[in-house]
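Dear colleague,

I am passing on the structure we spoke about, together with notes on what turned up when I went through it. Please read the notes with the coordinates open beside you.

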Amino acid sequence: MLAHQYIEHYSVEDYRHWKGDWELIYGIPYAMAPSPMVTHQSINGKIFVELNKALDNCPKCQALFEIDWEISSDTVVKPDTLVICYEPDEKITKKPELIFEIASPSTVKRDETLKFELYQQEGVVYYAIVYPDKQVAKLYKLYEGRYIKVGDFSDEMYQFELKECGIDFDFSKIWRVR
């Protein structure tokens, strides 16, 4: 318990000076895994492409990947892919409507617990945790301030209803690695 008293608390200003890939959640630094593996990158790329295509007719929303979201003075995360429905400044400081995180052995616990709670608390409408090894995405939707599981998706279509537009998303298109 004594060690807990000595945990340092960092700010986004500290974060901006760090080398390498980090996330900062409630003042605690989390090292990101080294460059994502081929499967992770391939799936993330396909998610981005599918979202980007679906948003062609929605001038108010856009998909972004691996970009910092500065939530507060001591919290900044880097979701794998996200959708915003506003014109951003140089930094993302407002909540996204949709976030995809690709679970890996080094991040799965953080994705399922810490980020789940954080995104829920921040009001992110949709949160999808993608499990490449099982070829399934667990999708959650915010309802009355709490995430409710929508379902497990492997080869199904789902329509995300964002505040500015709808996205028809085909989960079957993200799995094939080539």
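I begin with a polar contact of 3.1 Å, which joins the side chains of Asp74 and His9; please keep in mind throughout that this is a predicted model. Asp74 sits in the loop between strand E4 (69–72) and strand E5 (75–77), and although this aspartate is buried, it has no salt bridge, the nearest side chain of opposite charge being that of Arg16, 12 Å away.

Elsewhere, charged side chains do pair, and a search of the whole structure finds twelve salt bridges. In one of them the side chains of Arg110 and Glu23 meet, with 3.4 Å from N to O. Arg110 belongs to helix H4 (residues 108–122) and Glu23 to strand E1 (residues 22–25), so this pair ties together parts that are 87 residues apart in sequence. Arg110 counts as buried because its relative accessibility, 13%, falls under the 20% limit, and Glu23, at 0% relative accessibility, counts as buried too.

Another salt bridge is formed by Lys115 and Glu101, whose closest N and O atoms are 2.9 Å apart. Here Lys115 lies in helix H4 and Glu101 in strand E7, so the pair ties together parts that are 14 residues apart in sequence. Lys115 is buried, with a relative accessible area of 2%, and Glu101 is likewise buried, with a relative accessible area of 2%.

Are its two members buried or exposed? Lys95 is partly exposed, since its relative accessible area is 31%, whereas Glu97 is buried, with a relative accessible area of 6%.

Turning to the cysteines, the structure holds one disulfide, formed by Cys61 and Cys85, with their sulfur atoms 2.1 Å apart. The link is right-handed, with 105 degrees about the S-S bond. This pair links distant parts of the chain, given that Cys61 is in the loop between H3 and strand E3 (62–65), while Cys85 is in the loop between strand E6 (81–84) and E7, 24 residues apart. Both Cys61 and Cys85 are buried. As for other cysteines, Cys58 counts as buried at 6% relative accessibility, and Cys165 counts as buried at 14%.

Val83 is buried, with a relative accessible area of 0%.

Which members of the largest nonpolar core touch the most other members? Of its 29 residues, these are Val83, Phe100 and Phe160. Two or more residues are given to this core by each of helix H3 (38–54), strand E7 (98–102), strand E8 (126–131), strand E9 (136–143), strand E11 (157–161) and strand E12 (166–170), and H3 supplies the largest share, four residues. Once its neighbours within four places in sequence are set aside, Phe160 is in contact with Leu98, Phe100, Tyr126, Leu139, Cys165, Gly166, Ile167, Phe169 and Phe171. Apart from this core lies another, of 21 residues, among them Tyr86, Ile92, Leu118 and Tyr127.

With best wishes

Conventions: Residues numbered from 1 in each chain as written. Predicted model: local features only at pLDDT ≥ 70, side-chain atom pairs only at ≥ 80, totals over all residues. Heavy atoms only, no water. Core = buried A, V, L, I, M, F, W, Y, C linked by side-chain atoms within 4.5 Å. Buried < 20%, exposed > 50% of the residue type's maximum accessible area, 1.4 Å probe, protein only. Contact = heavy atoms within 4.5 Å. Disulfide = S-S within 2.5 Å. Lys, Arg positive; Asp, Glu negative; His and termini not counted. Salt bridge = Lys/Arg side-chain N within 4 Å of Asp/Glu carboxyl O. Polar contact = N/O pair within 3.5 Å; in protein donor to acceptor, adjacent residues only side chain to side chain.
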